[in-house]
Amino acid sequence: MKNWVLLGLILLFSGRISAQTEGKKDSLKSEKLPTIVLDSTTLARADSLKNVKKKWMPVPKTATRLALIPGAGQIYNRDYWKAPIVYLAFGGGLYTYYLNTIKYHDFLNAYKSFYILDKNDPAYGTKKKELASDDATVNVRVRNLLNTSSEYRDATESQIVRQKNYWRRNRGFAIIVTGLIYTLSIIEANVAAHLKTFDLSDDLTLNVSPKLNQPSMLTPTPGVRLVFNMK
């Protein structure tokens, strides 16, 4: 009889343990994982971040080196509209130098015709006898402003000397102006590259807020704090 009672108790406890184990398994199966809901705004922001490209910034040193070639620095900075201005200014200066040079040589050759330039002649460097008078004239080629036409005119030595010196000064002035234009184009490319690296967006903000300062006093003192944020 005792054996039957013990057997019944063992079966009863084993049934309860198995029932509790199955209940725990069912509860684990029935638990659901937390779900993350993504709205259209979040997805749109994520897509926009993927499509954002890093803004191109010129390197000032590279712009300066390329500017040694007229107009190349402006093209590197992507200021394409400035390149024709540089080309016109630089080309105009060189063409002005060329025009003044050929006009100077016209009057220089006319001036030389007054003197004996044969080194084997004993009278080398002296004025020719037939042109020794102050009223003596020689033919000199006179060109118009842009060298599209020219004509020969008679001129005295003093007139030729004045014109020769005039075109020589203009030639020197033209080369100086051309050099200044070249230098300014290099400086402009460097400055433009530096300006493009500055942050001029809306992220530049100035925040004004109150603050309690306690430098070397026992009690805090009120004050104002200015915060300038650059992102």
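Trainee: Which side chain does Asp79 meet in a salt bridge?

Mentor: The side chain of Lys82, with N and O 3.4 Å apart. A salt bridge here is a side-chain nitrogen of Lys or Arg within 4 Å of a carboxyl oxygen of Asp or Glu. This is a predicted model, where local features need pLDDT of at least 70, side-chain atom pairs count only at pLDDT 80 or more, and totals for chains, interfaces and linings use all residues. Residues are numbered from 1 along each chain as its sequence is written, and side-chain values use heavy atoms, leaving out hydrogens and water.

Trainee: Okay! Is Asp79 buried or exposed?

Mentor: Asp79 is buried, at 10% relative accessible area. Lys82 counts as buried too, at 18%. Buried means under 20% relative accessible area, exposed means over 50%, and partly exposed is in between (1.4 Å probe, protein chains only).

Trainee: And how many salt bridges does the structure hold?

Mentor: Six. Side chains of opposite charge can pair when their charged atoms come close. One of the six salt bridges joins Arg143 and Asp106, whose closest N and O atoms are 2.5 Å apart. That pair links distant parts of the chain, with Arg143 in strand β1 (residues 137–143) and Asp106 in helix α5 (residues 82–112), 37 residues apart. Helices (H or I, at least four residues) and strands (E, at least two) are DSSP runs, numbered from the N terminus.

Trainee: Which residue forms a salt bridge with Glu157?

Mentor: Lys127, with the closest N and O atoms 2.4 Å apart. Lys127 sits in the loop between α5 and β1, and Glu157 in helix α6 (residues 157–196), so the pair ties together parts that are 30 residues apart in sequence. Lys127 is partly exposed at 26% relative accessibility, while Glu157 is buried at 17%. There is also a network: salt bridges with shared partners join Asp79, Lys82, Glu188 and Lys196.

Trainee: New topic. How many helices and strands does the protein have?

Mentor: Six helices and four strands. Along the sequence, the pattern reads α-α-α-α-α-β-β-α-β-β.

Trainee: How do β1 and strand β2 pair?

Mentor: In the antiparallel sense, over seven bridges, with β2 covering residues 150–156. Two strands count as paired if DSSP finds at least two bridges between them. For example, Val138 has Ala155 in β2 as its bridge partner. β1 and β2 form a hairpin, with six residues between them.

Trainee: Which residues make up the largest nonpolar core?

Mentor: Twelve residues, among them Tyr104, Phe107, Leu108, Val138, Ala155 and Trp167. A nonpolar core is a set of buried Ala, Val, Leu, Ile, Met, Phe, Trp, Tyr and Cys residues joined through side-chain atoms within 4.5 Å.

Trainee: Which element gives the most to this core?

Mentor: α5, with four residues. The elements giving two or more residues are α5, β1 and α6.

Trainee: Which residues make the nonpolar surface patch?

Mentor: Leu184, Ile187, Val191, Leu195 and Phe198 make a patch of about 490 Å². Patches are made of residues with over 30% relative accessible area and no salt bridge, where like charges are joined within 9 Å and nonpolar side chains (Val, Leu, Ile, Met, Phe, Trp, Tyr) within 5 Å. Accessible areas come from the Shrake-Rupley method with a 1.4 Å probe, and for residues only the protein chains shown count as cover. Leu184 lies in helix α6 and is exposed, at 55% relative accessible area.

Trainee: What is the mean pLDDT of the protein?

Mentor: It is 79, and 63% of the residues reach 70 or more. pLDDT is the predictor's confidence in each residue, from 0 to 100. Where pLDDT is low, the predicted coordinates should not be read in detail.
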